[in-house]
Amino acid sequence: MTQTAERVCISDAEIAHLEMLVTQLPDQARVELVLDDDSTMVGTVAVRPTVQTFIDPAGQEGVNGLLRIDDAADPSQLRWIWLDRIREVRRLDPVR
């Protein structure tokens with residue numbers, strides 16, 4: 001069953017960007033994310049995200065993914081961020 005997403009990526013460049021982000025978001029990594037609206041978020045990756053097939057509101061099929069992250073500002077909050085919203089990942093812990 002295909003899920004819906006607000007936006008899907010269909011171009012090779014967009015898909016390559018999502019796949020590159022996945023490599024930068026391993027389990028339990030402490031990261032700072034720069035989002036498409038220039039906001040930032042610091043937290044710990046709960047589980048490495050995966051790129052999956054979704055359908056957008058217009059019925060177009062493409063890919064996207066969801067990142068589950070524990071918010072450093074409010075550890076009781078678990079956040080879900082669409083991968084296509086992430087412009088940059090800054091690692092805050094040593095890369096293993």
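D93 is buried, with a relative accessible area of 17%, where buried means under 20% relative accessible area, exposed over 50%, and partly exposed in between, computed with a 1.4 Å probe on protein chains only. D93 forms a salt bridge with R91, and the closest N and O atoms of this pair are 2.9 Å apart; a salt bridge here is a side-chain nitrogen of Lys or Arg within 4 Å of a carboxyl oxygen of Asp or Glu. R91 itself counts as partly exposed at 27% relative accessibility.

The structure is a predicted model, in which local features need pLDDT of at least 70 and side-chain atom pairs count only at pLDDT 80 or more, while totals for chains, interfaces and linings use all residues. Residues are numbered from 1 along each chain as its sequence is written, and side-chain values use heavy atoms, with hydrogens and water left out.

| Salt bridge | Closest N and O atoms |
|---|---|
| R7 and D36 | 3.2 Å |
| D36 and R85 | 3.0 Å |
| D93 and R91 | 2.9 Å |

Salt bridges that share partners join R7, D36, D37, D84 and R85 into one network. Within it, R7 is partly exposed, with a relative accessible area of 35%, D36 is partly exposed at 34%, and R85 is partly exposed at 24%.

D36 forms a salt bridge with R85. Because D36 lies in the loop between β2 and β3 and R85 in the loop between β7 (78-82) and β8 (86-91), this pair ties together parts that are 49 residues apart in sequence; such strands are DSSP runs (E, at least two residues), numbered from the N terminus.

Definitions and conventions:
Helices (H or I, at least four residues) and strands (E, at least two) are DSSP runs, numbered from the N terminus.
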